[in-house]
Amino acid sequence: MPTWTKEQKTAIEKSGTNIIVSAGAGSGKTAVLSERVIYKLECGIHVDELLILTFTRAAAEEMKNRIRKKIAKKPEYREELDRLESAYITTFDSFALSVVKKYHYLLNIPPDIEITEDSIVSLKKTEIIDEVMDEMYKDPDENFTKLVTKFSLKSDRVLKETLLELSKKVESQIDYKSYLKKLKEDFYTEKNLNYIIGEFESLIEERKHNLALELDNAYHYFDGDYCASLDACLLPIINAVSFDDLISLRSTQLPKLKRGASDEEKTAKENLKVALNDLMSLTEFGPLEKIKSDIMETEPITLAVEKILSMFFEKLEQFKKEKNIYTFSDIAALAIKILEQHASAREELKDKFKEIMIDEYQDTNDVQEKFISMISDANVYMVGDIKQSIYRFRGSNPIIFKSKYDHFSKSEGGEKIDLIKNFRSRSEVLLNINRIFDLLMDDDLGGAAYTVSHEMVYGNSNYDREKVEDFDYDMEIMEYENEKGSEYTNSEVEIFAIARDIKSKKDNNFQVYDKETDTLRPFTYSDAVIILDRSLEFDLYKKIFEYLEIPLTILRDDRLTSKDDIYIIKNLIDFLIHIKERDFSGTFKYSFLSIGRSFLYEYTDEYLFDTIEFGNYKDTSLYKDISSIDDYNSKTVKELILDLLDKTAFLDKLYKIGDYQSTTIRIENILNLATNLGNLSYDIEGFKDYLENLIESGLEIKYTPSFIDTDSVKILTIHKSKGLEYPICYFADLDHAFNTRELKNKLIIDAKYGLISSIESEDGVENESVTKLLYKDTFYKEEIGEKIRLFYVALTRAREHIVIVLPKTDTRKLEKNRAGTIELSRRLKFKNLSHFIYAIKDYMPSFFKTIDLESLDMTNDYIYDKSAKDEISTPTDFAFEVDNIELDAKPIENKRFSKDTLQLITAENQKNMEFGTAVHEILEYTDFKNFDPQSIEDEFVRAKVSALLKDDLFNDVKNAKIYKEFEFVYENDEAEYHGSIDLMLEYTDHIDIVDYKLKNTVDEKYEKQLQGYKNYIEKISTKSVSTYLYSIIDETLTKID
């Protein structure tokens, strides 16, 4: 029988009102929730009179199992086991679906309503937006004309993509029709304009505060005379009463520094300058009346978008109803519709459930909150932790939790209970985490006043008895200095540092606490986990760890279309279609080659060549197998795919490629898709087209591959780690910029500011609107707040020790506010997770240790298989001289934008050029939007391509239109110019040109070549153009202009 704390016991037994339980990491919330179910049984409530909602099927199943085990231990409640099977312990989505199926007749929809794969609907949405735009073009009104004129230059492709993005935001609302109506009617009223002005004025005051903060900081560095001149310059601005006063001071300049000013003085002045410019840039929006008139000028764009989206949703709704298919978001909306329109259904559900329990309440979205509010009666029990709300990108709204918590703290509408005692981690780990988040998290950023009511309390005293003597359990932050131009990337340094530390613990018999035996035991590889912000470097970790003979298991979701076996199935379908239609042209040969080379048939290249050369396809076993499939025209898509798998013995041959379980999971997903599309009257050709569109569009169908839990280090993302715990946690690769891609969109829909678009000035220049400025300010606060919560989730996975690895950088002590948290303006400057670490350095310096890179014994040998490396002999003293013969180049009128090679090619050069050509070809055929490193067999080449795609330039590549080997010809000054651009990335507002070079990128001829490319593109496009050179050997990307 567990010993419950006072707070846990209250959380288990408190009833009679709405209750929110703020359960910090490791506080035993799942145990409390399941024990509360037993308590309700003791109160005479049956288990099937409780509605218990979770966010994942796995969590629901785990909860049901916990409850089953607890009930089984109590003979007096054995009959509840039968009721348990029909009890609603399920996900929000599943419960909403059960409501819709139960009351389907109220909406006049069939009871066998189907949940379809999102990708099917996504592809249909693309068709519908095309239809709507075509209809609008046939009868355009003035608003539509303005929209197209403003946002379509040579094509409306980007506009259509933008409209589809807007539709996702609208679709996530409780009632999209009401939302669109509000968009049209509410945002251009005087009341709303005054609201926006009020928000703008609040931003002014915030930036005044930032300037005052920098001024106070500057006093520490300057003498009295210069401080006096700063006061004379800046205090009128800081104390300006009105916006007009501020405008009158916009020409203010900071006083000049004296000669010989120190670096500290220069830095202080630069910080002042940034804060001053941030504030005074707001005056560029003009008087307040101009701001209002500018907003009103966007109304035609809003009306056009509202009309398009209304037509779009009407057609989409019609399609779904005709085909009887819906997504889970549709189901939730239908469930709400039933409850809103039919009081009898609403009251029946209210009466059925004596209490509604919600796990992970911090992840609730607006639709789910509305749904629950309609079937509850002051009987909702909410368990969660706002500090672990990390799914804003999926639509979760942490404000729902925060609002309830704040109100219930004052006994308004319910009661709140805090579970802050942590039973997971050692006292040192908790103390470290508390110190960090005292500095980083508050109500403004993170949504939790950490110092007030969220600090964790040490609860597992067993750790005090079982610990390694002389081991420092405090957090260890390993810094390193990796010089520019080093042969090792930062990622490689971090991986070797982590690997060496793990290996040291294993080799030196480090001890960890075993919860099962309540004693120390030797460290195993399974006791260590590597947690990263994203999965970009997972394969590099795998490679280096394998080289160092450290077992590593990657835990991540895969994309259905990223594996070869799915492509083989697609090609089998294509081959079947060609055979049955007796069409041996087009992709027939390609499919034959693909399948013939695969593990299914393993034909030699010589056999394949002879078959194609002489056309002897019918003599092959592949042709005979596929052509033997009968009833082609009468079978469903799923039946034909099953025939293909059977005739080729697909499953029986999986042993040749391994990973049997994951492959069967992918095949199961394909068969489910085939069933769904078959229900939509797709035939086998339509299904093949669907797969091709799915691959081409980059739409993701994710699945969780199976893995065998062996003694290995685990690597996973922070999001994937939620709910897990490990003795030793390593964190690295923290310098990725936060995702601000949404801010680049030309059109944005927001609940507070409506449709946000740019403002056109008198000279025709598009400028940022005040609403965009305000939206950006809110966006950054929400984004940084969520990243602080994400960092909290990451660190609280650790039971015994935290190790962080990151580059060394200069820091300064950031000011704290009265609550002891770093000033808001400072935290709003954070751009990545590493900035959180740098921010605490001057407050927690003892945690930081510098790594001696020599001690890591790094090597590039991991690139090669050990067996291959042993066969390679590399001479150390080997050199020869080659005389290069310079040749004169004669000018010709037919010119090319390329660097002409006017030297005799040496053998070494020829080898390098062949290598460069090979990499060029691989880059030409690599899918940049869905890059799979394993698709490149040569490990050295794979490393070169991976290095390019990891550059920040490619952060937003999924939103780019990609052109490879873009050839062009144009005339200028009576000369004809030819060129071929290796890579061109076209975005909504700019174009990036990348040219690949083998090694040397410092050459005037290359710059001239790229300038020619740029000149041509600027002639055919109004977008800004930037040019880059990528050195394949050096793995460096250099901006040229």
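## Packing of α25 and α29

In this predicted model, helix α25 (residues 564-580) packs against helix α29 (residues 637-647) at an angle of about 105°, their axes lying 10 Å apart. Angles of 65 to 115 degrees count as roughly perpendicular, and α25 and α29 are therefore roughly perpendicular to each other.

On the α25 side, the contact is formed by Ile569, Leu572, Ile573 and Leu576; α29 contributes Leu640, Ile641, Leu644 and Leu645. By residue class, the contact of α25 with α29 comprises 8 nonpolar residues, with no polar and no charged ones.

## Nonpolar cores

The largest nonpolar core has 123 residues, of which Leu234, Ile641, Phe650, Phe687 and Tyr690 touch the most other members. Helix α15 gives the most to this core, supplying 10 residues.

Ile641, listed above in the contact of α29 with α25, touches Ile573, Ile670, Leu671, Ala674, Ile684 and Phe687 when residues up to four places away in sequence are not counted. Another core, of 93 residues, lies apart from the largest one; Leu97, Leu430, Ile837 and Tyr843 are among its members.

## Packing of α7 and α15

Helix α15 (residues 299-323) also meets helix α7 (residues 142-151): the two axes come within 8 Å and cross at roughly 100°.

From α7, the residues in contact are Asn143, Phe144, Lys146, Leu147, Lys150 and Phe151. Their counterparts in α15 are Pro300, Ile301, Leu303, Ala304, Val305 and Ile308. The residues of this contact divide into 9 nonpolar, 1 polar and 2 charged.

Notes. Residues are numbered from 1 along each chain as its sequence is written. This is a predicted model: local features need pLDDT of at least 70, side-chain atom pairs count only at pLDDT 80 or more; totals for chains, interfaces and linings use all residues. Side-chain values use heavy atoms; hydrogens and water are left out. Axes are lines fitted to C-alpha atoms, for helices over the stretch in contact, and angles run from 0 to 180 degrees between N-to-C directions. Helices (H or I, at least four residues) and strands (E, at least two) are DSSP runs, numbered from the N terminus. Contact means heavy atoms within 4.5 Å. Ala, Val, Leu, Ile, Met, Phe, Trp, Tyr, Cys and Pro count as nonpolar, Asp, Glu, Lys and Arg as charged, and the others, Gly among them, as polar. A nonpolar core is a set of buried Ala, Val, Leu, Ile, Met, Phe, Trp, Tyr and Cys residues joined through side-chain atoms within 4.5 Å. Buried means under 20% relative accessible area, exposed over 50%, partly exposed in between (1.4 Å probe, protein chains only). Angles under 35 degrees count as roughly parallel, over 145 as roughly antiparallel, 65 to 115 as roughly perpendicular and the rest as oblique.
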